[in-house]
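Hi everyone, thanks for coming.

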Amino acid sequence: DFGIFYPVGYIFVGFPSESDALRVQQDLMTGGYDPADCTLHRCSEVVEAAARNLRNNDGFLAMLGASDDAVRLHLRAAEKGATFLLVYAPNDLDASRAMTVVRRVPFEFAHRYHRFVIEEMK
């Protein structure tokens, strides 16, 4: 890791249900997404990665931005058993299309990462 988790051009979505995350992933791929652009991450790997990320990036600069707050939210959701999708959405049209599919099922959060801003998608 070379800094706090910050995947510019992606939406990171947390789902309370693994089956819903798998459904959204399948629907996105049916709609043309490549599997590499819509990756599933289970709670165990997110717990490990988020905890390591927070532990390794606890300096003053990390605390200035919202990225550490987002990673803490990811960690809490993962500890409760959430499943996650990391969806490539480099522009507004792609983000809108992806969120249209995501909204078909219950989700806990969707964070869209811009260069200097983390947008809470609804």
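Let me start with a question: how many bridges join β2 to β3, and do the strands run parallel or antiparallel? There are 4 bridges between β2 and β3, and the two strands run antiparallel. Strands here, and helices too, are DSSP runs numbered from the N terminus, with at least two residues in state E for a strand and at least four in H or I for a helix. Two strands count as paired if DSSP finds at least two bridges between them.

Some housekeeping before we go on. This is a predicted model, where local features need pLDDT of at least 70 and side-chain atom pairs count only at pLDDT 80 or more, while totals for chains, interfaces and linings use all residues. Residues are numbered from 1 along each chain as its sequence is written, and side-chain values use heavy atoms, leaving out hydrogens and water.

Back to β3. Thr 39 has Leu 86 in β3 as its bridge partner. β3 also pairs with β1, antiparallel again, through 6 bridges, and there Tyr 10 stands opposite Tyr 88. Of the 6 residues in β3, 5 are buried, meaning under 20% relative accessible area with a 1.4 Å probe, protein chains only; over 50% would be exposed, and in between is partly exposed.

Take Thr 83, which sits in β3. Thr 83 is buried, at a relative accessible area of 2%. Leaving aside residues up to four places away in sequence, Thr 83 touches Val 13, Gly 14, Phe 15, Glu 18, Ala 21, Leu 40 and His 41, a contact being heavy atoms within 4.5 Å.

Now the inside. A nonpolar core is a set of buried Ala, Val, Leu, Ile, Met, Phe, Trp, Tyr and Cys residues joined through side-chain atoms within 4.5 Å. The largest one has 20 residues, and Ile 11, Phe 15, Val 24, Leu 28, Leu 85 and Val 87 have the most contacts inside it. Two or more residues each come from β1, α1, β2, β3 and α5, and α5 gives the largest share, 5 residues. A second, separate core has 10 residues, including Ala 70 and Tyr 113.

Finally, the helix pair. α2 (residues 43–56) and α4 (residues 67–79) pack at about 145°, axes 8 Å apart; axes are lines fitted to C-alpha atoms, for helices over the stretch in contact, and angles run from 0 to 180 degrees between N-to-C directions. Among the residues that meet are Val 47 in α2 and Leu 75 in α4. Thanks, all!
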